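Please keep the sequence and the structure in view while reading.

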Amino acid sequence: MTKDMEPDCSILSGKNDTPLQDVQDCRKPDRWLTAVMMKCWVTTPQTRSLLSVFEEDAGTLTDYTNQLLQAMQRVYGAQNEMCLATQQLSKQLLAYEEQNFALGKGDEEVISTLHYFSKVVDELNVLHTELAKQLADTMVLPIIRFREKDLTEVSTLKDLFGLASSEHDLSMAKYSRLPKKKENEKVKTEIVKEVAAARRKQHLSSLQYYCALNALQYRKRVAMMEPMLGFAHGQINFFKKGAEMFSQSMDSFLSSVADMVQSIQVELEAEAEEMRASQQELLSLEEAVYTPDLDAAAPQINRNLIQKAGYLNLRNKTGLVTTTWERLYFFTQGGNLMCQPRGAVAGGLIQDLDNCSVMAVDCEDRRYCFQITTPNGRAGIILQAESRKENEEWICAINNISRQIYLTDNPEAVAIKLNQTALQAVTPITSFAKKQESPCPSQNMKSSEVENDKIVPKAAVIIPEAEQLIAPGTPIQFDIVLPATEFLDQNRGSRRINPFGETEDETFPETEDSLLQQMFIVRFLGSMAVKTDNTTEVIYEAMRQVLAARAIHNIFRMTESHLMVTSQALRLIDPQTQVTRANFELTSVTQFAAHQENKRLVGFVVRMPESTGGESLSTYVFESNSEGEKICYAINLGKEIIEVQKDPEALAQLMLSIPLTNDGKYVLLNDQPDDNDGSPSENRGAESEA
């Protein structure tokens, strides 16, 4: 509060014979609630918390008004006990300061005025006689009018606001259950109109209610001082000794109080006029302002958020196959996702977002759903956003938080930089950038390279920096293989000439003579060029960058393929047409490893010759239906077979230690393979949604 708004404390100290000379400098009452409502019609928990403060203040004011009215009525009725009645009134006036109003800040001038009135009442205590008519007209009636009109109006508007809020909740529940089918457009249009009407009604009723609460802060000051002003004038007019008791200083004080009340009344009228203009402006707005998901076609999405708040629908399981959806207010706080139900003082922890993953999902024919998965791969909660913009911003915000950007000194700048880097690094293409021309396997593999092919790396290896493994800004290919339908369309009616190096099964007769033949169902996640193949850490870093880029750019579709591991090569086969999409000589595979935490992720590094005479290194990342260690075991076994084929005795010794099929031809990796492993007929051509 500024200096010119502070009350004259000389009244309380008794050092000034002419108190409250600057009583007209009245501080304007708080307008926080109305200001918030003018900017946003959504009743957030912060708005409701602020509203509860106003409602608590109104309740306290009602209690105090009733007590004050009882005291005044006692003065009116206690003609023979006037001394006791005025003494009670004096005490009650002093009690205003002790009420602890939630919005009591700014009532200093009222408190100081009531203190001075209490002193006057004590001085006039022995002189009061019959004041029936004067007290009824000038003291009791104003406070009754304030209680019956102003306080009752606030209570009525509160009930109307509650009904409007309930109607809005019901309409939002209908809207949230809208299906995605186009044939329900008529129903969707009706429900959208219903939501808009309910929002408009709720906005108008809440604005009226908030305006009444705000105006109550003015009226309570007038109502507290106006009766006492009438009481004082009644005393002057009624008693013969009034002229002797009320000096000129008292007249000046009463005049100042009257001017203060008049100024408050003027401010109230100006505030009411401003609110009426706001309501008229609100009535002139189009319904599109209240329509949810208005810009669904091309929303403006902020992908650099590090915190987010808003209402979401939470999916709860109520049985084995039944679920319910609950609309709650969610917000992020540091690395945590918080939820604050209605009526709660603070939010509670829902899930830790550090190192988690988030993805869009289809759930129960509802739109804009996404799922948060824990770092250990367990499925977490499923949430539904109100619009496409909210859905994508929540996904981006949670993804940024999961990378612990909020712990940096400037998280906003870090988020922008990472997203820009990821955008430059992601260059989706639909074919090989270069035609693979008869890759020649390396003939000079050292014994140390063979050792690095083991599934479990040595613990003594020092983990290099990410820049030493993969160059910053390296492009990522998300669909290195074309779907089978594209090849069929491109080569229909003639012998297929594939420019991408893919061949049919009959072009690989070596598989018939291979000692190893194992099939795995995999989904290609991405590939990128790397700088070294001396450590499996390059595979882990490639996995991290590929998964991060997919999450940032909402790339979740993955084409399913069959990975055939033989003792000569790795073949990626289309499950529909049995066309070989890609072929990698086993001797060119220099590193392979499964993810240390997500056991279904597997990758390998391939060394390929270039037309310039050099060699290039690329890492390929897959997601398998089975454990990645099984694929690594198969690759390692194939490389061992290649090594021992030069020595018949060593080959025979290896065959004795490995189970074979009944015909003694193929190696059996598992007596009971996992479901979907090695079964080409299952899930053929299926595309998965992560």
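Rings of Phe, Tyr and Trp, the last taken by its six-membered ring, are said to pair if their centres lie within 6.5 Å.

## Aromatic pairs

The model discussed here is predicted, and a search of the whole structure finds 15 aromatic pairs. One of these is formed by Tyr-209 and Tyr-210, whose rings are tilted, with 6.1 Å from centre to centre and 40 degrees between the planes; Tyr-209 and Tyr-210 are both buried.

A stacked pair is formed by Phe-604 and Tyr-620, with 5.8 Å from centre to centre and 25 degrees between the planes. Because Phe-604 belongs to strand S13 (residues 601–609) and Tyr-620 to strand S14 (residues 615–624), this pair ties together parts that are 16 residues apart in sequence. Phe-604 and Tyr-620 are buried, and they belong to one aromatic cluster that also includes Phe-524, Phe-584 and Phe-622.

## Packing of H3 and H7

Helix H3 (residues 45–77) packs with helix H7 (residues 185–238) at an angle of about 20 degrees, the axes being 10 Å apart, which makes H3 roughly parallel to H7. The crossing in which H3 passes H7 is left-handed.

On the H3 side, the residues that meet H7 include Leu-51, Phe-54, Leu-61, Tyr-64 and Leu-68, while those in H7 that meet H3 include Leu-213, Leu-216, Met-224 and Phe-231, together with Tyr-209 and Tyr-210, the two residues of the tilted pair. Sorted by class, the contact of H3 with H7 has 16 nonpolar, three polar and three charged residues.

Note on methods. Residues numbered from 1 in each chain as written. Predicted model: local features only at pLDDT ≥ 70, side-chain atom pairs only at ≥ 80, totals over all residues. Heavy atoms only, no water. Axes fitted to C-alpha atoms, helices over the stretch in contact; angles between N-to-C directions. Helix = DSSP H or I, 4+ residues; strand = E, 2+ residues; numbered from the N terminus. Parallel < 35°, antiparallel > 145°, perpendicular 65-115°, else oblique. Left-handed = near helix turned anticlockwise from the far one by under 90°. Contact = heavy atoms within 4.5 Å. Nonpolar A, V, L, I, M, F, W, Y, C, P; charged D, E, K, R; others polar. Phe/Tyr/Trp six-rings, centres within 6.5 Å; stacked < 30°, edge-to-face > 60°. Buried < 20%, exposed > 50% of the residue type's maximum accessible area, 1.4 Å probe, protein only.
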